[in-house]
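I opened this entry to note what I looked up.

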Amino acid sequence: MAAQRELWPEILKRRDEYVDVVCRLARQPSVSSQGLGIRECAALLREIVRAHGLSAEIMPTSGNPVVFAARRAGDDANTILLYGHYDTQPPEPYEAWASPPFEPTIRDGRIYGRGVGDNKGQFLASLFAIKLLTDLGDLPRVNIKFIFEGEEESGSPSLPAFVEAHRELLWADLFYAPDGPMHMLNRPIAQFGFRGVLQVELEAAGANRDLHSGIWGGPVPNAIWTLVDLLKTMRFPDGRVTVEGFYDRVVPPTPRERALMAEVPFDAEAVKTNLGIAEFAGPRDLSYYEQVMFQPTFNVGGIAGGYTGPGARTAIPSKALAKLECRLAAHQDPDEIFAKIRRHVERYAPGVAVRKLHGTRPSKTSPELPVSRVVVAALGEAYGVPAVVVPLSGGSSPNYLITDVLKIPSIWTTYGPPDENNHAPNENMTIESILNGVRASAVVLRRFAEMPRTDLGRPPHG
């Protein structure tokens, strides 16, 4: 509570300055999937970072550039690596926006615009905190590094090679990333890992062309039925996957993880009402959060084939396509799972082509580490309410580059409001959320800087 009383008046004095900077950066389009404004945004971000007292440079990758920034305190100081992504989702459909997506507009205490919440307003809050503490003569003795990537919304294809090539530059004791909406109860979230993901394409072929279903019906194979029959062999009615070895590396949550999972606020009936469903799917012996956090999934993302237009078309489809997506639990490997899926297809439908589209490994940091406990406590101190601790997010990210390649504990948190509409029209961030994020970053920096190196378990690094 002391941190709130001490910092809040100073933060409020800078409110208009913070809003101006967020709007300035959000006004610059930076849509990675469309190649729109990326390099211009990187240049603008470098300028903003330098104006806030850090060195900054634009570093090339095989794709969109990374903006790297730093402020050094000394070899014996703790080192934090902060993260943000300056690219955004596409703005379409434009007609669904109440104001133009790249003309940030303030209404009822919220800034509306593409990228305001995801992720420009959130990472700028950390930058504002550093400048605030510096101006107050209260910046803790800590080495600060920032990595801002420009491809997060496109799957971060260039980030693995960049991280591998710059291990020394990115070395740190802690990786900290504010991104995403807070819990619906307006509590900050501390996330300690992500499921991996595997995307697969199945393609079935029948005859060399579509055929009349009366003349050829019966003896000529139907490509859609080939796919449907194959998919039916891949899971039981309760949702468990039948692919041999699919669950080999899946481990149940620890007693502590089960305790943390049970503490995550959850109103099952409210969620079902909101989604318009009568019941949740999946095995009955697994809870909602155990399925989301600790179990893999086998999702059919789409099936294409044949005719679906008005009326009827009496033909046998010659081709059919299915998109599969598996969210992977901790310790699962996307290449290994793909090999098992391919063997299953070869066994049950050998004529179906199997292609791997994308794979990302899962990642996990223990919430029991001393640094994990310090960050969770700092978030509670900053917001005045306990943080919601999520042992593992159901989503996916290239976070394994941090935990497995750089060997850094990784903690993700949330500064955006619960209804920030990220990835959707009318994306927004409340001004209060930005100010709260400044305070949260300041408290996290202070508490992290105070940690003895024996608690970090890492030697000093030059």
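**Salt bridges**

I started at Arg249, which is partly exposed with a relative accessible area of 42%. My cut-offs: buried is under 20% relative accessible area, exposed is over 50%, and partly exposed is in between (1.4 Å probe, protein chains only). I am working from a predicted model: local features need pLDDT of at least 70, side-chain atom pairs count only at pLDDT 80 or more, and totals for chains, interfaces and linings use all residues. Residues are numbered from 1 along each chain as its sequence is written, and side-chain values use heavy atoms, with hydrogens and water left out.

Arg249 forms a salt bridge with Glu336, with 3.0 Å between the closest N and O atoms. Here a salt bridge is a side-chain nitrogen of Lys or Arg within 4 Å of a carboxyl oxygen of Asp or Glu. Glu336 sits in helix H11 (residues 334–348) and Arg249 in the loop between helix H7 (223–232) and helix H8 (255–263), so the pair ties together parts 87 residues apart in sequence. Helices (H or I, at least four residues) and strands (E, at least two) are DSSP runs, numbered from the N terminus. Glu336 is partly exposed too, at 25% relative accessible area.

I then listed a network: Glu201, Glu203, Lys323 and Arg355 are joined by salt bridges that share partners. The count comes to 32 salt bridges.

Next I checked Asp419 and Arg110, whose side chains meet in a salt bridge (2.9 Å, N to O). Asp419 is in the loop between strand S18 (410–413) and strand S19 (428–430), while Arg110 is in strand S5 (residues 110–112), 309 residues apart. Asp419 is partly exposed at 39% relative accessible area. Arg110 is buried at 18%.

Which residue does Arg114 meet in a salt bridge? It is Glu427, at 2.6 Å, N to O. Arg114 lies in the loop between S5 and helix H4 (116–135), and Glu427 in the loop between S18 and S19, so this pair ties together parts 313 residues apart in sequence. Arg114 is buried, with a relative accessible area of 1%. Glu427 is buried, also with 1%.

**Helix H12**

I compared the length of H12 (residues 370–383) with expectation. The expected span is 1.5 Å times one less than the number of residues. For the 14 residues of H12 that gives 20 Å, and the end C-alpha atoms are 20 Å apart, which agrees.

Is H12 largely enclosed or open? It is largely enclosed by the rest of the structure, because 10 of its 14 residues are buried. Among them are Val371, Val375, Leu379, Glu381 and Tyr383. Just after H12, Gly384 takes a positive phi of about 80°.

**Cavities**

Rolling a probe the size of a water molecule over the atoms shows where empty space is left. On a 1 Å grid over the protein atoms alone, a cavity is a set of points where a 1.4 Å probe fits but cannot get out; lining residues have an atom within 4 Å of a point. Grid points are joined across faces, edges and corners, and a volume is the space filled by probe spheres set on the points.

I found 3 cavities of 30 Å³ or more.

Note on methods: 1 Å grid on protein atoms, 1.4 Å probe; cavity = no way out; pocket = protein on both sides within 12 Å on 5 of 7 lines; lining within 4 Å.
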